Amino acid sequence: MAPKAKEKPKALATTTPAISIEDLFTSLNRHIQRSEYEQAVKLSDQILAAAPGDEDAIRCKVVALVKADSIEEALAAIKERSKKASVDLSFFKAYCLYRQNKLEEALESLKGLEGSTESMLLESQILYRLGKMGASVDIYQKLQKSAVDSLEINLVAGLVSAGRTSEVQGTLDALRVKATSSFELAYNTACSLIEREKYKDAELLLLSARRIGQEMLMEENLADDDVEIELAPIAVQIAYVQQILGNTQEAVASYTDLVKRNLADESSLAVAVNNLIALKGPKDVSDGLRKLDKLIEKSDGPEKFQLARGLDLKLSQKQREAIYTNRMLLLLHSNKLDQARELVGALPGLFPGSLVPVLLQAAVHVRENKAAKAEEILGQYAEKFPDRSKVILLARAQVAAAAGHPQVAADSLAKIPDIQHKPATVATLVSLKERAGDVDGADAVFDSAINWWSNAMTEDNNKLNIIMQEAAAFKLRHGRKEEAARLYEQLVKSHGSIEALVGLIQTAADGDIEKAEAYEKQLKPLPGLKAIDVDSLEKTSGAKHGDKGPDAGVTETYEAKSKDKAKKKRKRKPKYPKGFDPANPGPPPDPERWLPKRERSSYRPKRKDKRAAQIRGSQGAVAKEAASSSDMKSNQPANSKGASQNSGNVQSKASSKSSRKKSRK
């Protein structure tokens, strides 16, 4: 009978004391202080398992996920907890959407939270990212009375981005803050000076910002590399100022050092690469394209091109546009037209409302020798958006003028009303219309400009005088003498110009001789012309050799002086070669001495020796004469290379003959 199986001993029930929620919160706080966000999320889940509706635990979990850059998980947690508990997490949702660059959704999530300081700061950041700089600055100005740390830094940055740099100093005075109170504020204030083209002042302030930043960051015990990374934007901006001031070598050295050492944040590194490429221009196209390829990524999604490493979120629209523009220009310089067409087709979607994509499209067509297509694209855009068509029309005029379409170029310039009266525009329009054969149109341009400057409320009459002078010369050149005389007369009366007086006399001499003579008296007499009899000069047929007139004495004295000068010329002895006796020169040199020998008349070519002994006999046999001659040559002190080669040739011929004879047998 089999033995009964022994029963397993029962495990003793162990009772572990439950951890209180207070202790869990204490541990949670400790992990958050240590930046151990994964542990903080786990502890938050334990607290929520014990107390599902705890608002503090929910907020700690969301914040820990955001700090750990788990934005998708944070949004999922917000969505899940919003269903289970009545906790308002709209602010955290808006911040997560802002981190994902879903800016419009983030603004929608902030509705109803406008009163709090945190929501206003987030809203201003979202508006800043959207490019609505004015609205962002307005919110910052509302927060001036609030106790917000570093508010002045963001406020000055917003003013610079909004194009309101003239308000920066007044804002600092109102806040009672100096620009050098922190290196961030000094940097932003220097950027405002750059926008106002005060480059020297900006350079000094940037150098101060770098010094202040080094001192502050050293006090925080940061490593040297970390300090350089923090101050990289200042270094890039200093190099940019050097570039603008013309210190090209220093700027190139600074940019190159930043790129090689790679001790900079992603945005500063991208700006340095872009500026370095802009400095070099088309000198090293392949290197520039290689560097930009690291910044621009091509994808299969709806946005075909995007910047790498999240640069779309870190760079402003102006900076991103500059990077794409430089890549387009490099593609055109390297003649990679297929890639250029692909990129230029995506730019309108990347930068809606910008003029740069339209200009680049026209540039591609010009490179393809399709100037008419470029003119058409620019003209259509100018008609669609007349309020921002000035640059477009200028580009169209330039393309048309270079392509030999002067009328199209003139029509494009004529559509820009605020530059019509400027002398440069007037000169260009007149030249274009004259090339197109539209003389009346060119004349009308002059008349319109004269009318504008005559009625202008300005004390600068110099431009009016210049335009009237050119208009009178133009009318005189095209046979409109009466109008030219009228303009010259106005210039003489108002300005007293000698050139206008001469022109007036020339034009009036054809129709009104009395007026010409009256104005001729105002000309200053030339010295030495009083003794000339004009009537007798007109009757002569011209100056003749030997004729003596009033100036005969002058001519004779001039001839005498010229003869004296000719006599004074000293004859120099010719220089002969060394050892040459001019008394016994010897036979004359050969006139053909510079010709090659074979081209001289005395050249005779050498005849070939046909008396060479024929070698007969079996293969390898040598004639007695050849053997004796070879013995004689061997007795000579040295054999020439040519002789040995010649003997070899002879032997090969003999053997070939004998072989032919054998084959015949």
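Residues are numbered from 1 along each chain as its sequence is written, and side-chain values use heavy atoms, with hydrogens and water left out. Because the model is predicted, local features need pLDDT of at least 70 and side-chain atom pairs count only at pLDDT 80 or more, whereas totals for chains, interfaces and linings use all residues.

**Overview. Secondary structure and surface of the protein chain.** The protein chain has 34 helices and two strands; these are DSSP runs numbered from the N terminus, helices being H or I with at least four residues and strands E with at least two. Of the 665 residues, 33% are buried, where buried means under 20% relative accessible area, exposed over 50%, and partly exposed in between (1.4 Å probe, protein chains only). The accessible surface comes to about 44,400 Å², of which 51% belongs to carbon and sulfur atoms; areas come from the Shrake-Rupley method with a 1.4 Å probe, and for residues only the protein chains shown count as cover. Among contacts with a separation of 6 or more, 46% are between residues 24 or more positions apart, a contact being heavy atoms within 4.5 Å.

View 1. Glu184, Glu219, Glu220, Asp224, Asp225, Asp226 and Glu230 form a negative surface patch. Patches are made of residues with over 30% relative accessible area and no salt bridge, like charges being joined within 9 Å and nonpolar side chains (Val, Leu, Ile, Met, Phe, Trp, Tyr) within 5 Å. Asp and Glu count as negative and Lys and Arg as positive, while His and the chain ends are not counted; the place of a charge is NZ of Lys, CZ of Arg, CG of Asp or CD of Glu. Helix α13 (residues 224-230) gives the most to this patch, with four residues. Glu219 belongs to helix α12 (residues 199-219) and is exposed, its relative accessible area being 66%.

**View 2. Ser109 in helix α6.** Ser109 lies in helix α6 (residues 103-109). With a relative accessibility of 13%, Ser109 counts as buried. Leaving aside residues up to four places away in sequence, Ser109 touches Ser90, Lys93, Ala94 and Leu97.

View 3. In the pair of Glu108 and Lys111, the closest N and O atoms are 3.2 Å apart; Lys111 is exposed at 54% relative accessible area. Glu167 is bridged to Arg164, with the closest N and O atoms 3.1 Å apart. Glu167 is partly exposed at 30% relative accessibility, and Arg164 is partly exposed at 22%.

View 4. The closest N and O atoms of the salt bridge between Asp443 and Arg480 are 2.6 Å apart. This pair links distant parts of the chain, 37 residues apart: Asp443 is in helix α26 (residues 439-455), and Arg480 is in the loop between α27 (462-477) and α28 (481-494). Asp443 is buried, at 6% relative accessibility, whereas Arg480 is partly exposed, at 24%. Salt bridges with shared partners join Asp440, Asp443, Asp447, Lys475, Arg480 and Glu483 into one network.

**View 5. Thr425 in helix α25.** Helix α25 (residues 423-435) contains Thr425, which counts as buried at 10% relative accessibility. Thr425 touches Ile419 and Gln420, residues up to four places away in sequence not being counted.

Conventions: A salt bridge is a side-chain nitrogen of Lys or Arg within 4 Å of a carboxyl oxygen of Asp or Glu.
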